[in-house]
Amino acid sequence: MKHKYSFQSPEQLKSTLCDLVSIPSVTLTEGEKHFPLRVEQLLRDIPYFKKHPSQIINHPMADGRFVLTALYRHDEAEKTVVMISHFDVVDIDDYGDLKHLAFYPEELTRALKERADRLPADVRADLETGEWLFGRGTMDMKCGLVQHMSIIEKASSEDWKINLLLLTVPDEEVNSRGMREVIPKLLDISKEYDLTYTLFLNSEPMFSQVPQDEKCYFYTGSIGKIMPGALCFGRETHVGEPFSGINAGWMSSVLTQEIEWNKMFCETVNGKISPPPTLLLQKDLKKEYSTQIPHRSVSLYNLLLMKKTAADVMEEMKRAAEIAAKKMESFIVERYRSFNLEIKEVPAIRVFFYEQLRDFAVKKTSEDYITILERSIARDTQGDIREQTIQIADQMSMLCQELGPMIVLFYAPPYYPAINTAEHKDIQSLSHTLVRFTKEEFDKDLHAVDYFNGISDLSYAGLQGDLSEMERYNSNLPGGQELYSIPFDEMSQFKAPVINVGPIGRDAHQKTERLHVPFAFEQLPKILEHLILEHQS
């Protein structure tokens, strides 16, 4: 008897998407834990998995969440496509009085139509077409997961001569712990089933390159993201005697002025320039109010990467910090003179990498003492992992305060290494056929872009750069791999190119997040099928 499809028609795809969106899988909530169990339930209705039940696995993570893999394997296939998606979503506080509808796309879309006059013009225009589906997770990125479920159902039913490994993970929106933990498991699966990974396919939605951008894109890589931090250690004093100290809050502001939008950190690849760095967090580290000036403060910066490694960024941070330190020293001298004060010795503000500070601390104490200190701070510091790195750097600077005044440079999570395989011969061939097919079939122009600009888990599907360069990241991360681990060694074993082909969407992470229905459910399935079959041949 012929199999009755579940994920093929536009109506089925839309119904499945609404089903999955209704599960509130906000990162680090119970819904995120439950979500992959529902996906497993749906996939097990596919006849292939009734015959091969062991090829669907919900892999438990260390924190109780799950990563799901589902393998369709053909005995004669030589190639394997890994189809990557994430199922966590950001929170829904921005929906206001429509918060109760954020996970119900059809109901939310109707409600927004009733209050269209309160919405921006571009949102109203989309609502009027009737072609857009609103809701948290519709575009980012549960539609991509539904596409992969559809592909694996059709391939297994029609006996495609290719292997497909569906991989869907939690936590992409925060620390990508799901993807980082599953990388070693992907190597295990390849060995167990004798698979050769030949393509990593992600289906994150298209992101506009500029405001009001109407072009359609696919991506042959994913932009990198790194978060350098700086702990400024000044000199304590009472506010009544400000010239006896150095205010670390002021130090951080001078450093931030040097780093913010600094073009030195930008890269240009194929005519595209990466965004400059911007401040994400800045605060002093006093525990409570007092009339002592803040003599320790911290700042974290967002930096997007294309070709640069963590080692490159740390050297650029050092240059910027040294320039800022000279400006601080000059400022101190100028203010002393303006108040007719004698300055006997200009304070030298030194710049250290965290690894240098840690080495100094080890010489003062011991390796065992510092390791125990790092682990205890990580264990006892509540909340965000970034706060744990800050507290470790702070305690290390307090242990080495004779080095002050100083700027200590370090890294805080997360780190998404940049990846780009546009020059790979298979990607060049697939790019050409994707553009041609989409134009011929749908009269739609697709444009290849080197880097997906929304940040994605494709960053961990390979390693561009030497392993030795990655060690620079680990050694300048307070707490090291005990606190935040990236499987650089395992990543270096993946040699397959990457590509991102996904739906058209708008306003990711906003209350007007929406998905273009005709493209998502009528055109994209055929484009992805063409891509897989072309890669198979």
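Phe-243, Phe-339 and Leu-341 make a nonpolar surface patch of about 270 Å². Patch members have over 30% relative accessible area and no salt bridge; like charges are joined within 9 Å, nonpolar side chains (Val, Leu, Ile, Met, Phe, Trp, Tyr) within 5 Å. Areas come from the Shrake-Rupley method with a 1.4 Å probe, and for residues only the protein chains shown count as cover. The model is predicted: local features need pLDDT of at least 70, side-chain atom pairs count only at pLDDT 80 or more, and totals for chains, interfaces and linings use all residues. Residues are numbered from 1 along each chain as its sequence is written, and side-chain values use heavy atoms, with hydrogens and water left out.

**Surface patch**

- Phe-339 lies in the loop between helix H9 (310-338) and strand E14 (350-353). Helices (H or I, at least four residues) and strands (E, at least two) are DSSP runs, numbered from the N terminus.
- Phe-339 is exposed, at a relative accessible area of 52%. Buried means under 20% relative accessible area, exposed over 50%, and partly exposed in between (1.4 Å probe, protein chains only).

**Five-stranded sheet**

- An open, mixed sheet is formed by 5 strands in the order E12-E13-E9-E15-E14. Its edge strands are E12 (278-284) and E14, each pairing on one side only. Two strands pair if DSSP finds at least two bridges between them.
- Neighbouring strands of this sheet are turned by 20 degrees against each other on average, direction ignored.
- E14 and strand E15 (residues 406-416) run parallel, joined by 4 bridges. Val-351 stands opposite Ile-407 in E15.
- Helix H8 (residues 248-259) packs on the sheet. H8 touches strand E9 (224-233), E12, strand E13 (296-305) and E15, and its direction makes about 15 degrees with that of E13. Contact means heavy atoms within 4.5 Å.
- Helix H14 (residues 467-475) also packs on the sheet, touching E9, E14 and E15. The direction of H14 makes about 115 degrees with that of E15. Axes are lines fitted to C-alpha atoms, for helices over the stretch in contact; angles run from 0 to 180 degrees between N-to-C directions.

**E1-E2 hairpin**

- Strands E1 (residues 56-60) and E2 (residues 66-72) run antiparallel, joined by 5 bridges. His-59 stands opposite Val-67 in E2.
- The hairpin has 5 residues between the strands. Gly-64 takes a positive phi near 95 degrees there.

**Salt bridges**

- The structure holds 38 salt bridges. A salt bridge is a side-chain nitrogen of Lys or Arg within 4 Å of a carboxyl oxygen of Asp or Glu.
- Lys-99 and Asp-93 form a salt bridge at 2.9 Å, N to O. Lys-99 is partly exposed, at 38% relative accessibility; Asp-93 is exposed, at 52%.
- Asp-122 forms a salt bridge with Arg-514, with the closest N and O atoms 3.6 Å apart. The pair links distant parts of the chain: Asp-122 sits in helix H5 (residues 121-129) and Arg-514 in strand E20 (residues 514-516), 392 residues apart.
- Asp-122 is partly exposed, with a relative accessible area of 29%. Arg-514 is buried, at 0% relative accessibility.
- Arg-514 also meets Asp-507 in a salt bridge (2.7 Å, N to O). Both Asp-507 and Arg-514 are buried.
- A network of salt bridges links Glu-32, Asp-63, Arg-65, Asp-171, Arg-177 and Glu-181.
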